[in-house]
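Subject: Structure for you to look at, with notes

Dear colleague,

I am passing on the structure below, together with notes on what turned up in it. Please read the notes with the structure open beside you.

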Amino acid sequence: MTIQPKSLSSCAQAPVLKERGQHEVFCGLTAIIWLHRKMPDSFFLVIGSRTCAHLLQSAAGVMIFAEPRFGTAILEETDLAGMADAQQEIDREVERLLSRRTDIRRLFLVGSCPSEVIKLDLSKAAERLNAIHAPQTQVFNFSGSGIETTFTQGEDACLSTLADGLPQDNAHQLIIAGALPDVVQDQMLDLLSAIGLSDVKLLPQRTAQDNIGIGPNTHVTFVQPFLGDTHDTVLRRGAKPIYAPFPFGELGTTAWLKAVAGRFGIDPAVVDRVTEAPRARARKAVAAMREDLAGKRVFLMPDSQLEIPLARFLSRECGAELIEVGTPFLHRSLTEPDLSEIAPGPVIAEGQDVEKQLDRVRAARPDLTVCGLGLANPLEAEGLATKWAIELVFSPIHFYEQAGDLAGLFARPLRRRALLKVAAE
Ligand code: SF4
């Protein structure tokens with residue numbers, strides 16, 4: 001375990017415990033579940049195995065009444081022998097799909113981790129199919145492989161591909177990268193409009209018609225901390241990033257808004273003025289949960305890549321004590337503003353060696369452990385309260401109006417455990 005020097009002023013300067021070992025991750029294909037809702041004119045065609053098809057069906061629920069917007073082209077073991085056949089099979093499947101579904105404007109070929117799929121060059125397939133089907137249907141590809149990745153990286157890979165394909169545009173503009181639930185996105189756009197920014201572009205674009213471009217006068221900010229590849233792609237395209245704490249809780253949201261406002265020459269006093277009421281609501285809502293969370297010792301295992309900003313929210317706004325903050329990957333540029341707001345003390349860990357981490361959890365006996373699904377049940381059985389990290393990705397948690405719900409997601413397992421204790425006594 002790393003001991004941090006006492007002179008540090010925040011976790012931004014803290015040494016990072018890097019671990020490489022056995023890890024528990026959830027597959028990147030999962031991101032399709034929320035991405036297809038954000039892009040109603042798209043279709044996600046997973047090139048994968050029966051396991052991939054089962055994962056998608058069980059994660060999404062079988063869509064009986066709706067024409068689904070994702071599917072799996074299953075590659076059998078026998079296809080290993082003939083890669084050329086596999087490419088032709090993809091062409092045939094895409095042809096069949098697009099002739100039946102003329103509403104599809106963006107088709108994503110999504111790679112997976114079976115070895116026979118890894119050997120397939122899906123970028124070539126996308127290029128070939130684009131030549132046939134664009135501009136009616138644009139064809140993209142990205143990998144949702146579950147090897148060495150986390151489930152949020154599916155979104156990162158998808159957005160990075162979209163950013164890479166954006167046309168050049170020299171307009172002075174703002175792009176916000178990261179998929180948010182519609183209701184939260186509307187709140188964000190209302191806040192930005194209230195401070196004077198009404199022409200805001202979104203990545204992912206809702207439809208192919210929202211044809212945004214990118215260039216040296218494009219300013220990009222992020223609402224999800226797991227967009228490392230997307231960040232690198234937009235920088236490569238010449239855009240200028242806006243770094244800020246992520247918009248979780250009152251403080252995070254205000255800091256994020258002020259960073260965006262600052263880039264566009266808007267006085268921070270304007271942000272203070274227009275956010276007075278929502279800030280007060282967020283403060284009140286979090287205060288109602290603070291009683292359960294203040295002083296509670298929290299251990300965050302690496303899972304969703306939301307860990308660092310959420311740790312900042314838990315410690316700064318809810319009064320929790322952080323023991324360890326693990327993240328699968330530490331993207332310095334994106335997470336530094338949040339790390340700077342976390343007081344020295346917790347171990348900051350990157351990567352995973354699950355057995356060693358579990359040993360540390362057992363030694364520390366935290367009040368709450370935030371972890372993946374596979375680790376939560378065993379830890380609960382050992383008497384430890386847990387929070388499923390994946391729930392934090394599927395729940396609306398950004399911006400002021402969700403601050404109380406976010407605190408509630410952490411407070412609930414503690415309340416439940418307290419009730420169980422009382423019942424057992
Ligand atoms: S991509 Fe890999 S980890 Fe994900 S469902 Fe398919 S086989 Fe499983």
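This is a predicted model: local features need pLDDT of at least 70, side-chain atom pairs count only at pLDDT 80 or more; totals for chains, interfaces and linings use all residues.

The notes below go from the domains to the ligand, then to the helix contacts, and end with a few backbone details.

Two points on how to read the notes come at the start. Residues are numbered from 1 along each chain, as its sequence is written.

Domains. The assignment divides the chain into domain 1 (11-24 + 277-424), domain 2 (28-149) and domain 3 (173-275); such bounds come from an automatic or database domain assignment. The centres of domain 1 and domain 2, taken over C-alpha atoms, are separated by 34 Å.

Ligand. There are 13 residues around the ligand, and those that come nearest are Cys27, Cys52, Ser112, Cys113 and Gly146 (a residue is near a molecule or strand if its C-beta atom, placed from the backbone, lies within 6 Å of it). Helix 2 (residues 50-60) gives the largest share of this shell, with three residues; helices (H or I, at least four residues) and strands (E, at least two) are DSSP runs numbered from the N terminus. The shell around the ligand holds six nonpolar, seven polar and no charged residues, where Ala, Val, Leu, Ile, Met, Phe, Trp, Tyr, Cys and Pro count as nonpolar, Asp, Glu, Lys and Arg as charged, and the others, Gly among them, as polar.

Helix contacts. Helix 6 (residues 153-164) packs with helix 8 (residues 228-236) at an angle of about 10°, their axes being 7 Å apart (axes are lines fitted to C-alpha atoms, for helices over the stretch in contact, and angles run from 0 to 180 degrees between N-to-C directions). Helix 6 is therefore roughly parallel to helix 8, given that angles under 35 degrees count as roughly parallel, over 145 as roughly antiparallel, 65 to 115 as roughly perpendicular and the rest as oblique. On the helix 6 side the contact involves Asp156, Ala157, Leu159, Ser160, Ala163 and Asp164, which meet Gly228, Asp229, Thr230, Thr233 and Val234 in helix 8; two residues are in contact if their C-beta atoms, placed from the backbone, lie within 7 Å. The residues of this contact divide into four nonpolar, four polar and three charged.

Helix 6 also packs with helix 1 (residues 31-38), here at about 45° and with the axes 8 Å apart, which makes helix 1 oblique to helix 6. In this contact Ala31, Ile32 and Leu35 of helix 1 meet Gly154, Glu155 and Cys158 of helix 6, and by class there are four nonpolar, one polar and one charged residues.

The axes of helix 12 and helix 13 (residues 332-339) come within 9 Å and cross at roughly 10°, so helix 12 is roughly parallel to helix 13. Ile308, Pro309 and Arg312 of helix 12 make this contact with Thr335, Asp338 and Leu339 of helix 13.

Backbone details. Ala134 and Pro135 are joined by a cis peptide bond with omega about 5°, and Pro135 lies in the loop between helix 5 (122-133) and strand 5 (138-143). The bond from Leu203 to Pro204 is likewise cis, with omega near 10°, and Pro204 is found in the loop between strand 7 (200-203) and strand 8 (218-222). Lastly, Gln305 has a positive phi of about 70° although it is not a glycine.

Best wishes
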